[in-house]
Amino acid sequence: MKTEFYSQHKRELEQIRDEVRAQLLDDVIPFWEKRVVDRECGGYYNCFDREGQLYDTTKQGWFVGRNLYTFSALYNHMEPRKEWLEIAQAGRDYMDTSFYAGDGRFNQELDRDGKVIAGTTSIFTDHFAVKGLYEYIRAASKTEDEKEMMFAKILSDELFCHVKEQDVMRGEGIADGWQKHAVNFMNLIVALESRPLFGNAYEDIIRTCVHKSLYEFANDKYEAPFENIRSDGTPCLEGAGRIVDAGHTMESLWFCMRAGLEFHEPVWIERAGHVMDWVIARCYDETYGGFVQHVDVERSCPEKEFLSTDYHGIPVGWDDKIWWVQAEALFALLMSSILNENERHFTYFKKLYGYVEQYFRDRDYGEWYAVLHRDGSVLCDKKGFALKGAYHIPRCLMQTVTLLDWYLAGDNEG
């Protein structure tokens, strides 16, 4: 039996799904698929200006795993296009070069010829490489390949050990006695995406990470999701401990809802919707639209130290609008709208969807702008740099299509 929410919004959701599919397949992916592979030296290019011109050949470690994931996932979940698997293969081949530093670690930055510029400075590079490899193994039908599966399992085990090492965390700027939400939810998504390969080998990690995201980083006393808390799970309203990060919270919430679906834990889905209301109340810009970068837990405008963030040379203000924040919020809002049948979240999803369509999409050269000022004017029109590439936007669009296909087909019943 279809619910009232389903019946009321079916046609609207069908239209949104079709629009998003067209944006993904006719705009965003074509921008990247014809540019991203370095066919001479291997690996991926990432730095493109507004018009799509390459301006830097540096190979970013994050985007080896991210591109490997994106094009493998497109192959697995959208269409089995040969060209997408070939693009993914370029990432898998690059994992056998100097990109891999050994001991489960990957280098952060290399020049075009493969010389290491920055070594194992980011645990997130390892997260992205591992989850990209999972998706590739499925796309390339290598689940019966013992060597490939063993490599993936070893990398996974080493990753989940490294994230417990204080020296590694210090490399991410995490001080002793603190924990960072981004590390927690990246552990969660890697463990979740391991399941098609390794079943419930990492179920304990999934459950622990969900609990931390929903009940420790998200704090009932302050009605706030913190980005940084003490190691014992309690808040500390000093420095970075005061920050509420909209994008990271929304990203973690849809990870938790996905875990709730897979483990038949509706309370996780409900709790995620509850925390989402805190994010909306604190971080949605009711005047201009969109979600701001971050706020202070008590007075919106953060302390001087956090008024601006250096995005690899781009000064991004606390109330500016960042591409990935909007992408993660879009999908999280849609997921809660559907799974919780939450009309308020659906209203905000539609507001944000319209905002992105009006301000972030580049109708002349394709893809999305990187960063907008609070009022919607363009702050950075680059399509790719060290932090932006074929990841958050295509993942958001792809997940939107697959979620709506599932929901509209009635696969959510029972």
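Modeller: In this predicted model, the count of cavities of 30 Å³ or more comes to 1. The largest cavity holds about 70 Å³ of space. Its lining is made up of Val-20, Gln-23, Leu-330, Phe-349, Tyr-353, Val-356, Glu-357, Trp-368, Cys-396, Leu-397 and Thr-400. Two or more of the lining residues come from each of α1 (4-33), α13 (343-360) and α14. The largest share belongs to α13, which supplies 4 residues. By class, the lining of the largest cavity comprises 8 nonpolar residues, 2 polar residues and 1 charged residue. Glu-357 is the charged member of this lining, while Gln-23 and Thr-400 are the polar ones.

Helix α14, one of the elements that line the largest cavity, also packs against another helix. This helix, spanning residues 392-408, lies against α10, which covers residues 246-262. The angle between the two is about 35 degrees, and their axes are 14 Å apart. The crossing of α10 past α14 is left-handed. On the α10 side, the contact involves Glu-251, Trp-254, Phe-255 and Leu-261; on the α14 side, His-392, Arg-395, Gln-399 and Trp-406 take part.

Methods
Residues are numbered from 1 along each chain as its sequence is written. This is a predicted model: local features need pLDDT of at least 70, side-chain atom pairs count only at pLDDT 80 or more; totals for chains, interfaces and linings use all residues. Side-chain values use heavy atoms; hydrogens and water are left out. Axes are lines fitted to C-alpha atoms, for helices over the stretch in contact, and angles run from 0 to 180 degrees between N-to-C directions. A crossing is left-handed if the near helix is turned anticlockwise from the far one by less than a right angle, and right-handed if clockwise. Contact means heavy atoms within 4.5 Å. On a 1 Å grid over the protein atoms alone, a cavity is a set of points where a 1.4 Å probe fits but cannot get out, and a pocket is an open set with protein on both sides within 12 Å along at least five of seven lines; lining residues have an atom within 4 Å of a point. Grid points are joined across faces, edges and corners, and a volume is the space filled by probe spheres set on the points.
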